[in-house]
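Have the viewer open as you read.

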Amino acid sequence: MVTNSQTQRENRSSRVRPYALTHGRTRTRYPLLVETMISVPDYDTEFSRKLLPESRAVYEHARSPVSLAELSASLDISLGVIRVLVSDLATEGAIVIHPTGQAYSYDHNILERILDGLNKLSA
Amino acid sequence: MVSRVWDMLERSRRSLRDGAARQRLEGSTRQLLQRSRDTVAQIIGPAPSREPSSQDVLAGVCSSVALRDLNLVDSLLEQLEQMESEEDDPESLDRLYRLDHLATRLRRNGENLRVLAGRDAGGTKPETASLVDVIRAGMSSIEHYSRVEIGRVPELGVVGFAADDVSRLLAELLDNATAHSPPNSSVTVSAHLTEQGSMMVRVEDAGIGLPAARLSALNERLASAPVLDRDAVRHMGLAVVRRLSSRHGIRVWLARRAPHGTTASVLLPDSLVHENVSPRGGSQRRSETVEPAIPDMRSSPGSGESSTSVGVEHRSSGTESGLDAPSVAAEPVWPSEEQAAAQRNHQQPATTANGLPRRVSRSLKESASGGRGQAAAASTSEGDGTERDIRESHQRLLADLGDFTAGEQEARQGQHNDNDDAERSQQ
């Protein structure tokens, strides 16, 4: 390799860009929060082998229940990318997304029932 | 004409020698000299010794300007990366991705300029990059990256000094393929290992394809020496491919694809192909080797579920720094000395590579077929394990196990402290 003293280039950015990992997608089909837990119901070695490295790492890590925040930290992949990969795996049925407290916050019925219950308690 | 010029030169020289005339004639002599020089230049045309040097200067200027641009773009990309990792809103992230994409394409232009100027594009890293990452790096820098599909790609790597050049070469081919195929069709990249240990990468598009004459003309250009000519202006990508392929002994050719479209084939010589040790792509290999540890540790008394996960995490993060990741990760849990010895023998070629991380094709295939058993069998038949070797490896294993338990204890202690901290903060 020819290296010129004046052609030194500091290369601090990665060459594989995050958008290339998700085909440019940023939105997910499911509400995925940092604390959302996921797990693999039936581990399949064949399926794992066919995945791209990042998806495979997510799949392997999720063999025991793990949160998105943990995944992002231990795999050193940004949360925005992890979300899309997890969403894809969930769409394929390879992983299950565990319901979180926040996931119900959109359910007005439950909120009203809780409010009713609280009102009765205080009365 | 030439003789006239010489006459003029001679006359001016003579007038220079003449002391009295010197003062008077100085101005006009200079003019004459200049004019004669110009005439000579016109007559004999561009002097062969001068022309390349001016071209060199231009190339030098271009490449140094490109270098400055590249450093700016690199820090731009770095900052974008930071922003992307902190962005929570899909909408904003999408906008950041667009900026990132533009900056990455800008980087490709700058690097291509340097390649065409005959310079090193810069930024090469010593580590081997996984082939998947090399392909995706190329894909990152083209306009229609989202149409690129990655097919079957073996889990091997491209040696560090060539990895970026290979991805730049693939970027040009991918760009061509996506630009010359319908906007809703996908372009597929796949790769396989040949019997000679070289790597064949294919870029297939579903365009209308090229007429036979054009195809052969392009292939001729791809196979010829990488000189900058008039055609290089129109086919910048092709010129970049030629430069890069000749630099690393890569063969590139185009062919018609079966139903319709074009296949670009890239043959990477075995000297560029290496066992995959990239931290990013190595995740599966790592988890495979970590796997047997989990039941082992669960069965060991007093180690709870949570502490096992700590242990696994600890080791997997440790492997990222090590070059021979799988062996480091697996070492503490190899049950017998025989396997430990096999492990060491298997590891040997990787460590004794003299500077260049090259592999022989035979061992490449072993790793391609996932033959740890093969490696173990080979080493036991070849070594027949001298007693000293076995004892040594046994001691090493014990030492490693000792270290491991110490690490585990430390981790648990740490966890304990963490719990305490958590409790305290709750109070």
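## A helix with a buried side

In helix α4 of chain A (residues 68-75), Leu68(A), Leu71(A) and Leu75(A) are buried. Because these residues span an arc of only 60° around the axis, they sit on the same side of α4(A); the arc is taken from the directions from the helix axis to the C-beta atoms. An α-helix has 3.6 residues a turn, so residues three or four places apart point the same way. "Buried" here says that 20 or more other C-beta atoms lie within 10 Å of a residue's own (exposed: 12 or fewer; partly exposed: in between), with C-beta atoms placed from the backbone. Helices (H or I, at least four residues) and strands (E, at least two) are DSSP runs, numbered from the N terminus.

Keep in mind that this is a predicted model: local features need pLDDT of at least 70, side-chain atom pairs count only at pLDDT 80 or more, and totals for chains, interfaces and linings use all residues. Residues are numbered from 1 along each chain as its sequence is written, while chains are lettered from A and ligands numbered from 1 in the order in which they are written.

What do the buried residues of α4(A) pack against? These elements of chain A (contact: C-beta atoms, placed from the backbone, within 7 Å):

| Element | Residues |
|---|---|
| α3(A) | 53-61 |
| β2(A) | 66-67 |
| α5(A) | 79-91 |

Chain A as a whole has six helices and three strands, and 34% of its 123 residues are buried.

Over in chain B, five strands make an open, mixed sheet ordered β2-β4-β5-β7-β6; strands pair if DSSP finds at least two bridges between them. β2(B) (148-150) and β6(B) (251-256) are at the edges with a single partner strand each, so one side of each has no neighbour in the sheet. β2(B) pairs with β4(B) (residues 187-193) in the parallel sense over three bridges, and Val148(B) has Val187(B) as its bridge partner.

Leu174(B) touches, among others, Val148(B) and Val187(B), not counting residues up to four places away in sequence.

Methods:
Contact = placed C-beta atoms within 7 Å.
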